[in-house]
Amino acid sequence: MNKSYLIKDGTLWSPCMEERETKDILITDGIIQAIENNIKAEQNVKVLHADGMFLMPGWIDGHAHVYNQNEAIGIDADSMISSGVTCVVDAGTTGAYNFQDFKTNIIDQSQIMVKALLHIAKWGVNGKYGELRDMSQIDMPACLEMCAQYPEDILGLKVRIDGRVCSNEELAMKKLRDMGDRAGKPIVVHASRSSLPLEEILSYLKKGDIFAHTFSDKKPGILNKNGVIKEAAIDAKRRGVIFDLSHGNGNFSFDIARTAMNQGFFADMISTDLHKGSRDIVKSLSLTMTKMLHLGLSLEDVICYVTEKPAQILNIGEKSLKIKTGAAADIVGFKLQEGEFMLTDSSGKTEHAEKQIVTCFTLIKHNLYIQDPTAETELAD
């Protein structure tokens, strides 16, 4: 029997646009059949009452780790659906030697849309092989071959230039730049705890390349010793370099974010950097979105930074940005809840917020995930 759902009285919201209207949505066997006013619930249709909720396509988390095989650091990709995420980009958990396993067991098996950055270390972020502690872990031909074999799945190339996992940061950046150019892919750099100056790191990045962990309090950082945005960061933004929030367990500071934003310097994407080690701190994309709302972004901007912006930046053309008839169901229902809420950054600093973004339900294809039990109220008969 086909699964049918009727979402009643939700406010449809097209991300990055002014369009908002109250409608009902009928979904049968994973396909949106109708978007109208006052749709009658037929027999055996599960009804979700969405009054007071915003409805939009599920969110994009542009930086997380979801390869969880063979002792890798990733979390279960589909566990992210509960916070409204229906598309995730794995941030280089795998390299050329284990990407095929990631493709077979995660990308092709998950309900959520999974894309990837390919780490230039051949085994990716993997303690057993030491990442780039030994620079011979770079196999350029294998990396380029994998990019050519899976051009739709692999969106870019990644490296972590952190002395704990990389023995030659300058060489790693040169290799990353060369491989990105050869593959025709953007490059992404994790530079927290790097010994290289920010100016040197950003000199390798071109328009469309990504600097991760924008609001980290680790060196080299985007602020100088006087708390002013470094000219290299401003120049990079002018050149079209993308700055990604990528929260993580040690790379998001309220103080850094507030200081930067007060000077007009914003992250271009809101992402979690969720993995096994950051799960207890970061928790979810919706909570990370709440932190940016607390820091002064409008709800409209917050939504844009997890929908249209990452879709454009990462070139995820197949990710729907509008709820429409005939399309596969990809819907998040959420509320903006008022009250008093405690938020914590990566350093453990806590602040009190007056609003939070709460995911009520996510409907992806023919599967419904309820986070707010009041949303699911009846089965029509």
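Guide: A search of the whole structure finds zero disulfides, a disulfide being a pair of cysteine sulfur atoms within 2.5 Å. This is a predicted model, in which local features need pLDDT of at least 70 and side-chain atom pairs count only at pLDDT 80 or more, while totals for chains, interfaces and linings use all residues. Residues are numbered from 1 along each chain as its sequence is written, and side-chain values use heavy atoms, with hydrogens and water left out.

Visitor: Is C147 buried or exposed?

Guide: Buried means under 20% relative accessible area, exposed over 50%, and partly exposed in between, with a 1.4 Å probe and protein chains only. C147 has 4% relative accessibility, so it counts as buried. C360 is buried too, with a relative accessible area of 1%.

Visitor: Where is T362 placed?

Guide: Strands (E, at least two residues) and helices (H or I, at least four) are DSSP runs, numbered from the N terminus. T362 is in strand β14, residues 350–364. Because its relative accessibility is 0%, T362 counts as buried.

Visitor: Which residues is T362 in contact with, leaving aside its neighbours within four places in sequence?

Guide: Contact means heavy atoms within 4.5 Å. The partners of T362 beyond those neighbours include I81, T86, I331 and Y369.

Visitor: How does one look for empty space?

Guide: Rolling a probe the size of a water molecule over the atoms shows where empty space is left. On a 1 Å grid over the protein atoms alone, a pocket is an open set of points where a 1.4 Å probe fits, with protein on both sides within 12 Å along at least five of seven lines; lining residues have an atom within 4 Å of a point.

Visitor: How much space lies in the largest pocket?

Guide: The largest pocket holds about 390 Å³. It is lined by 23 residues, and I73, V125, R160, R164 and H275 are the closest to its centre.

Visitor: What of the second largest pocket?

Guide: About 280 Å³ of space lies there. Its lining has 18 residues, with T86, Q111, M113, D330 and K365 nearest the centre. Strand β8, residues 113–119, gives the largest share of this lining, three residues.

Note on methods
Grid points are joined across faces, edges and corners, and a volume is the space filled by probe spheres set on the points.
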